[in-house]
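Please keep the sequence and the coordinates at hand while reading.

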Amino acid sequence: MSYKTTFGAVCSTELPICNSRLTCASRNCGHFKARSSSTVSASIPSSTRCISSTPLSSTMVALSPRQSRRNRTSIITQAARDFYQILGVDRNADKKTIKSSYRQLARKFHPDVNKEANAEAKFKDISAAYEVLSDDEKKSIYDRFGEEGLKGGGMGAGGFGGGGYGQDFTNPMDIFESFFGGMGGGGFGGGGGMGGMGGGQGQRMRNRPIQGDDQRYDMSIDFLEAVFGCQKEVEVSRLESCSTCSGSGVKAGTSPSTCSTCNGQGQVVQAVRTPLGIFQQVSTCPACGGTGETSTPCGTCKGDGRIRGSKRISLRVPPGVDEGSRLRVRGEGDSGKKGGGPGDLYVFLAVRPHSELKRDGTTIHSDVEITYIDAILGTTVQVTTVDGPVDLKIPAGTQPGTTLVMSKRGVPKLGASNSARGDHLVHVKVKIPKGVSSEEKKLIEELKELSVANAGKTSSSSGGKKWFG
């Protein structure tokens with residue numbers, strides 16, 4: 001037989017079902033207890049809390065098998081959080097110990113530092129636990145009634161469950177900001193969806209100075225300019241502080257006022273009643289855009305505090321830069337907002353190739369082509385270097401593919417205080433003619449006969465051994 005249970009009051013925790021009994025999950029709760037030889041199927045709200053200290057009354061109503069199957073549902077329980085366990089402190093811990101534990105855990109699980117999947121949820125729990133245990137009144141309520149007591153005891157209709165923290169609970173980022181000064185604020189998308197409004201602290205965060213954006217400029221230079229450095233002038237387009245309103249974005253002669261829609265909070269809360277309870281939705285105030293203030297915008301910059309402008313900047317390119325090198329010019333990016341500092345300008349270099357020279361780090365490479373006669377007899381050739389034309393002696397008997405080193409004729413080392421430079425490597429190529437004249441052919445044949453005769457003499461003097469090949 002199946003039964004439907006109707007309660008006269010709700011209990012402090014969810015009610016798990018076993019094969020033969022229906023009891024409250026609280027260890028000491030005696031509000032309700034039902035036994036039956038058959039399995040009990042109950043339709044119970046997904047979240048219940050204790051609002052009465054008197055025993056609960058119950059009415060058992062028999063259902064038909066069809067109704068029983070239709071009304072049989074699965075109940076999912078959610079254990080209440082233990083704030084002492086979350087912070088890792090004893091129930092008798094003093095405020096100093098609680099504060100110290102929060103500082104350590106908040107640093108460890110801050111979403112901007114900890115990239116684990118559950119770091120954000122842990123950070124929220126740690127912040128909620130600290131706010132309760134660091135407040136004598138909230139701690140007293142929690143010690144007596146648990147987390148459910150905070151939900152039902154005037155601590156905000158939203159509580160901690162489902163949609164976020166209640167109205168009287170501070171944004172976790174604001175708590176972190178009060179400890180560490182400037183690390184929090186962006187890790188959870190500005191706090192939206194986490195409930196609490198954060199009071200004046202949150203407003204100060206929203207109105208804090210904003211650093212200007214960095215700017216990028218792409219510049220092309222010659223091969224030799226990259227080797228020895230150069231002085232360049234570039235004209236960059238950027239956002240500059242509005243001279244009409246001095247960067248405030250407010251019309252001259254007027255001043256900002258507190259937003260009447262959000263009362264200066266920068267966020268609005270909407271409560272929606274559903275069959276599962278009351279849900280709170282937190283969103284950016286549409287009237288002030290989250291700043292908590294309204295004002296008459298400046299006509300020049302339209303309230304942004306910045307206007308588009310351009311500036312010519314003198315730039316020194318140091319010796320030894322290469323393709324893809326990046327130069328940083330501090331303070332020449334976009335201007336900040338609300339008194340924030342400017343960003344930086346980053347100049348990315350592209351180096352145009354040289355017709356004869358190639359570069360590998362601080363080493364210069366080039367090729368030189370000589371005839372087979374010069375390879376045999378030796379010669380002097382003129383080689384193009386980064387310092388200009390230089391005479392290079394090719395020794396007699398140079399083989400094809402030989403590499404000759406011109407020391408300290410390469411690229412200066414970037415950032416070196418001394419005059420240290422790389423080398424210039426010259427790769428020798430021997431040109432073999434495809435055809436020769438009759439006179440040249442006759443001379444080459446005579447040279448061949450002489451070479452064979454000399455080889456025979458060498459072989460005889462070495463013991464009669466003859467080598468071929």
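Strands are here DSSP runs of E that hold at least two residues, and they are numbered from the N terminus. The model is a predicted one. In it, Arg238 is found in strand β6, which spans residues 230–241.

**A buried arginine**

Arg238 counts as buried because its relative accessibility is 10%, and the cut-off for that class is under 20%. Its side chain makes a polar contact, at 3.3 Å, with the side chain of Glu240. When residues up to four places away in sequence are left aside, Arg238 touches Ile307, Arg308, Gly309 and Lys311, and also Gly331, Glu332, Gly333 and Asp334.

**Helix α3**

Helix α3 comprises residues 95–109. With 15 residues, α3 reaches 21 Å from its first C-alpha to its last, which is close to the 21 Å expected at 1.5 Å a residue. Its buried residues are Ile98, Ser101, Tyr102, Leu105, Ala106 and Phe109.

The C-alpha atom of Lys96 is separated by 9.1 Å from that of Ser134, although the two residues are 38 residues apart along the chain.

Most residues other than glycine have a negative phi. Against that background, Ser246 has a positive phi, near 60°, and is a residue other than glycine, while Lys338, which is not a glycine either, has a positive phi of about 55°. Ser246 lies in the loop between β6 and β7, the latter being residues 257–258, whereas Lys338 lies in the loop between β12 (326–329) and β13 (345–351).

How exposed are these residues, and how does Arg238 compare in the list of accessibilities? The table sets out the values.

| Residue | Relative accessibility | Class |
|---|---|---|
| Ser246 | 65% | exposed |
| Lys338 | 36% | partly exposed |
| Arg238 | 10% | buried |

Ser246 is thus classed as exposed because its 65% relative accessibility is over the 50% cut-off, whereas Lys338, at 36%, is partly exposed because that class covers the values between 20% and 50%.

Definitions and conventions:
Residues numbered from 1 in each chain as written. Predicted model: local features only at pLDDT ≥ 70, side-chain atom pairs only at ≥ 80, totals over all residues. Heavy atoms only, no water. Helix = DSSP H or I, 4+ residues; strand = E, 2+ residues; numbered from the N terminus. Buried < 20%, exposed > 50% of the residue type's maximum accessible area, 1.4 Å probe, protein only. Polar contact = N/O pair within 3.5 Å; in protein donor to acceptor, adjacent residues only side chain to side chain. Contact = heavy atoms within 4.5 Å. Expected span 1.5 Å × (residues − 1).
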